[in-house]
Amino acid sequence: MRILPEDPVRRGRVQLLLIVAVFAFPLVGSGLAYLLGWSTGKTGNYGDLIEPRVVPQTVLTALDGRVMRLGELRGKWILLQFDAPACDAVCERKLYIMRQVRKALGRDQSRVERVWITRGVDAPAPRLLAVIEGTQVARPAQPDFAAAFPAEHSVRDHIYLIDPRGNLMLRFPRDPDPSRVIKDLRRLLTYSAMG
């Protein structure tokens, strides 16, 4: 049983049509999938993408009493977490992950800052402050500052990523996988001229 005709001209045309069909099928198929809204539900990033929004420029008070704003860190990527000054084991793990992620970035670590927004009037333990040296610790002047940060349950569950323009971008899950956080950050730092 012959699939291609015996006439060489017709055979050439059929072969050309088959080659065009082989290359066109994936394009047509992906176009249809896009138009019909089919998706695997998977994305290339680990953190949850957040609808970009500018982080409110509230006044923050550092532990030494100095007044600061997140806007002072413009031009840097910011890893930010909210937690009580008492800092339980989950809080300490997030602080540790933020420190280790920044260190793992090697020569790009200067492009990333770490901020811990404390929610309470007490000061964190000196032992903890020594371990997280370099992390900026501050209290917001406005108690509703955390409302600008979307959370599944509580803002204390997440580490947030703010881009160099001051936009909230990503939210990492509770108990994040450091290697996957590093992968997200490396990708952003590689493809971004900002920060």
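Let's start with two neighbours: strand S7 (residues 159–162) and strand S8 (residues 167–172) run antiparallel and are joined by four bridges. Strands here are DSSP runs of E with at least two residues, helices are runs of H or I with at least four, and both are numbered from the N terminus. Two strands count as paired if DSSP finds at least two bridges between them. One of the bridges links Tyr 160 with Arg 171 in S8. In general, strands of a sheet pair through backbone hydrogen bonds, either parallel or antiparallel.

Before going on, note that this is a predicted model: local features need pLDDT of at least 70, side-chain atom pairs count only at pLDDT 80 or more, and totals for chains, interfaces and linings use all residues. Residues are numbered from 1 along each chain as its sequence is written, and side-chain values use heavy atoms, leaving out hydrogens and water.

Now zoom out. S7 and S8 belong to an open sheet of eight strands with mixed pairing, in the order S1-S8-S7-S4-S5-S6-S2-S3. Strand S1 (48–54) and strand S3 (67–68) sit at the edges, each pairing on one side only. Helix H2 (residues 89–104) packs on this sheet, touching strand S4 (77–83), strand S5 (112–118) and S7 (contact means heavy atoms within 4.5 Å). The direction of H2 makes about 170° with that of S4; axes are lines fitted to C-alpha atoms, for helices over the stretch in contact, and angles run from 0 to 180 degrees between N-to-C directions. Helix H4 (residues 178–191) lies across S4, S5, S7 and S8, at about 155° to S8.

What joins Cys 87 to Cys 91? A disulfide does, with an S to S distance of 2.0 Å; the term covers a pair of cysteine sulfur atoms within 2.5 Å. A search of the whole structure finds one disulfide. The torsion about the S-S bond of Cys 87 and Cys 91 is about -95°, so this disulfide is left-handed.
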